[in-house]
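This briefing is intended to be read alongside the sequence and the coordinates. The points are grouped by topic, from the overall fold to individual residues.

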Amino acid sequence: MADLPCSVLVRGGMVLAIFVATQVMSACSVIGENRAEAATRQLEFRGGELYSRNCLGCHGDRDALINASGAPPHNEHGHTWHHPDPQLTDWILHGKPGGRMPPYGDRLTNDDVPAILAFVKTWWTPEQRRTQADVSRNYDEFMRDEQPE
Ligand code: HEC
């Protein structure tokens, strides 16, 4: 060790420092991702509780089919994933005009609706989730192009 030239030691030290820094950085990003992941799971869980209490009776669970009350299923066989988040939020808070979907504005907070939507989205295929996320981002364009059903 003593007879190694200083320049070699310095270079070695720098390589080690860079190695440690990159390891720390990647560990931090894993922790960051895990935190985001945990926050999403928490949101979905809370949404599941709210859904059971408020929506399940009419819309049914993941395996629901269109039922006698006319409430459509929110699973991957339903139509919910065709609509952007702001439109779904509006229907949940204010009811669906001309339909039998009751308004929930006085029973749910603004934070509850994203939780319910996060829960319902766990029933969609990855492709449906991607499409619906795009549709939500392009909401204005979607509204312009939407044809009456
Ligand atoms: C009393 C029965 C009932 C309850 C309770 C109910 N809904 Fe509905 N919902 C309906 C009916 C019926 C429709 C269809 C209305 C229409 O298309 O005209 C509907 C439509 C919807 C739609 C639009 C159609 C679709 O598939 O996207 C959404 C979104 C929705 N409901 C979400 C919810 C959520 C979230 C809850 C709980 C907070 C809830 N509903 C509670 C009866 C209900």
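Two residues are in contact if their C-beta atoms, placed from the backbone, lie within 7 Å. On that basis, and leaving aside neighbours within four places in sequence, Tyr51 is in contact with Leu56, Ile116, Phe119 and Val120. The model is predicted, and the mean pLDDT of its chain is 88.

**Confidence**

- A pLDDT of 70 or more is reached by 91% of the residues of the chain.
- Among the elements, helix H4 has the highest mean pLDDT, at 98, whereas helix H6 (residues 139-145) has the lowest, at 70.
- Where pLDDT is low, the predicted coordinates should not be read in detail.

**Overall architecture**

- The chain contains six helices and zero strands, and the order of its elements from the N terminus on is α-α-α-α-α-α.
- The radius of gyration of the chain is 24 Å, while a compact globule of 149 residues would have a value near 15 Å.
- The C-alpha trace spans about 85 × 35 × 30 Å along its principal axes.
- Of the 149 residues, 14% count as buried.
- Among contacts between residues at least 6 apart in sequence, 58% join residues at least 24 apart.

**Nonpolar core**

- The largest nonpolar core has 12 residues, including Leu50, Tyr51, Cys55, Leu88, Ile92 and Trp123.
- At least two residues of this core come from each of helix H1 (6-54), helix H3 and helix H4 (112-121).
- Helix H4 gives the most to this core, with six residues.
- Within helix H4, the residues Val113, Ala115, Ile116, Leu117, Phe119 and Val120 are buried, and what covers the buried residues of H4 includes H1 and H3.

**Tyr51**

- Tyr51 lies in helix H1 and is one of the residues of the largest nonpolar core.
- Tyr51 counts as buried because it has 20 C-beta neighbours inside 10 Å, and the cut-off for a buried residue is 20 or more.
- Tyr51 and Val113 are 62 residues apart along the chain, yet their C-alpha atoms are separated by 9.6 Å.
- The contacts of Tyr51 include Ile116, Phe119 and Val120, which are among the buried residues of helix H4.

**Ala71**

- Ala71 is placed in the loop between H2 and H3.
- Ala71 has 18 C-beta neighbours inside 10 Å and therefore counts as partly exposed.
- Not counting residues up to four places away in sequence, Ala71 touches Cys58 and His59.
- The C-alpha atoms of Ala71 and Leu4 are separated by 78 Å, and these two residues are 67 apart along the chain.

**Ligand surroundings**

- The ligand is surrounded by 24 residues, of which the closest are Cys55, Cys58, Thr80, Gly99 and Met101.
- The elements that give two or more residues to the shell around the ligand are helix H2 (56-59) and helix H3 (85-94).
- By class, this shell has 11 nonpolar, 11 polar and two charged residues.
- Cys55 is among the residues closest to the ligand and is also listed in the largest nonpolar core.
- Cys58 is likewise among the residues closest to the ligand and is touched by Ala71.

Technical notes: Residues numbered from 1 in each chain as written. Predicted model: local features only at pLDDT ≥ 70, side-chain atom pairs only at ≥ 80, totals over all residues. Near = placed C-beta within 6 Å. Helix = DSSP H or I, 4+ residues; strand = E, 2+ residues; numbered from the N terminus. Nonpolar A, V, L, I, M, F, W, Y, C, P; charged D, E, K, R; others polar. Core = buried A, V, L, I, M, F, W, Y, C linked by C-beta atoms within 7 Å. pLDDT = per-residue confidence, 0-100. Rg over C-alpha atoms; globule rule 2.2 N^0.38 Å.
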